[in-house]
Amino acid sequence: MLWKITQNLLTTVVVFYTGIHWGLASIPGIYLVLTTIEKTFDSSNFERALYIGISVGLAYVLWMLSTIILTSFLSFIFKPSIGATRVPFLSATSIRWGFLNVLDRLAKPCIHHMVPSWITDFYYRALGCKIGRGSFVSSDRINDPYLVSIGDNTIIGSKVIITPHLAEKNELVFSPIVIGNNCLIGLGSQINPGCVIGDGAVIASRAIVPKYTNVPAGEVWGGIPAKLIKKK
Ligand SMILES: CC(C)(COP(=O)(O)OP(=O)(O)OC[C@H]1O[C@@H](n2cnc3c(N)ncnc32)[C@H](O)[C@@H]1OP(=O)(O)O)[C@@H](O)C(=O)NCCC(=O)NCCS
């Protein structure tokens with residue numbers, strides 16, 4: 001009962017906070033559009049449509065960038081320093097994790113439009129994700145980045161879900177995920193908590209790697225649940 005009341009209260013606060021967060025991020029874009037409207041006051045309708053149209057498009061881009069910067073900043077400050085642990089649903093850690101998750105969800109639509117890029121790498125790194133040199137992160141679905149480590153020259157395909165947490169038996173279970181150097185994590189696959197993917201390993205597209213799986217270096221794994229397909 002206490003859990004339900006707390007949950008309803010917090011989710012209501014979150015809904016209104018969403019408006020404030022996105023609203024603050026829209027300030028630079030709105031400023032640009034208002035200035036363009038003012039500066040083109042004496043131009044022809046065609047010119048106004050052209051300039052105002054472009055400024056609206058740029059305002060959207062500015063909104064996305066501002067959302068990423070604002071979210072990175074807040075997440076950097078509030079990110080928890082947790083390792084492998086289990087906590088009850090109603091606990092200080094789970095509430096802090098939930099707040100981080102809300103922030104992450106506010107940035108996700110923007111991340112979705114921008115992967116892979118240095119901008120999204122910056123975002124993941126600000127949230128504590130380790131991304132090695134030459135790696136290429138094409139997924140907008142890395143959860144709890146502070147528990148994820150990606151080596152050098154590794155490719156994370158699009159729609160890959162990397163999730164170091166799971167809800168189980170009234171608890172939140174956290175365990176870091178480590179992906180080595182020169183790996184290929186195939187399109188749409190899912191890497192669960194506690195997995196270690198060895199150097200040079202390949203995870204086939206759409207595979208689901210169960211929690212705490214150790215994929216040895218140089219092996220190709222695929223399927224649901226993922227199993228060894230072959231050695232490279
Ligand atoms: C797993 C993968 C690397 C295998 O490619 P490959 O080395 O050329 O091997 P093959 O296509 O000859 O397949 C080898 C075996 O794996 C199986 N296999 C291939 N893709 C699979 C998949 N996604 N899931 C499960 N099994 C798969 C094949 O059926 C075959 O089985 P068999 O030996 O019993 O006939 C490849 O299919 C793959 O998923 N690559 C990921 C690419 C990707 O998503 N890149 C990032 C985004 S662009």
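Predicted model: local features only at pLDDT ≥ 70, side-chain atom pairs only at ≥ 80, totals over all residues.
Visitor: How many bridges between β7 and β8?

Guide: Four, in the antiparallel sense, with β8 covering residues 171–174. Leu-166 has Val-173 of β8 as its bridge partner, and Glu-168 stands opposite Glu-171.

Visitor: What's the strand order in that sheet?

Guide: The order is β1-β8-β7, an open sheet of three strands with antiparallel pairing. β1 (85–88) and β7 (165–168) each have a single partner strand, so one side of each lacks a neighbour in the sheet. On average, neighbouring strands are turned by 25° against each other, direction ignored. β1 also pairs with β8 over four bridges, and there Thr-85 has Phe-174 as its partner.

Visitor: Switching to helices. At what angle do α3 and α5 cross?

Guide: The axes of α3 (residues 45–78) and α5 (residues 118–126) cross at roughly 20° and come within 9 Å. That makes the two helices roughly parallel. Angles under 35 degrees get that label, over 145 is roughly antiparallel, 65 to 115 roughly perpendicular, and the rest oblique. Axes are lines fitted to C-alpha atoms, for helices over the stretch in contact, with angles from 0 to 180 degrees between N-to-C directions.

Visitor: Which residues make the contact?

Guide: Ile-68, Ser-72, Ser-75 and Phe-76 of α3 meet Ile-119, Phe-122, Tyr-123 and Ala-126 of α5. Contact requires C-beta atoms, placed from the backbone, within 7 Å. By class there are six nonpolar, two polar and no charged residues. Nonpolar covers Ala, Val, Leu, Ile, Met, Phe, Trp, Tyr, Cys and Pro; charged covers Asp, Glu, Lys and Arg; the others, Gly among them, are polar.

Visitor: And α4 against α5, what angle?

Guide: About 140°, with the axes 9 Å apart; α4 is residues 92–114. The pair is therefore oblique. Ala-107, Ile-111 and Met-114 of α4 touch Ile-119, Thr-120 and Tyr-123 of α5.

Visitor: What does β16 pair with antiparallel?

Guide: β17 (residues 227–231), through four bridges. Glu-219 has Lys-231 of β17 as its partner. Four residues lie between the strands of this hairpin, where Gly-223 takes a positive phi near 95°. β16 (residues 219–222) also runs parallel to β13 (residues 202–203), joined by two bridges, with Ile-203 opposite Trp-221.

Visitor: Last one. Which residues come nearest the ligand?

Guide: Of the 14 residues around the ligand, those are Gly-157, Gly-186, Leu-187, Ala-204 and Gly-222. A residue is near a molecule or strand if its C-beta atom, placed from the backbone, lies within 6 Å of it. The shell has eight nonpolar, five polar and one charged residues.

Terms used
Residues numbered from 1 in each chain as written. Pairing = 2+ DSSP bridges. Contact = placed C-beta atoms within 7 Å.
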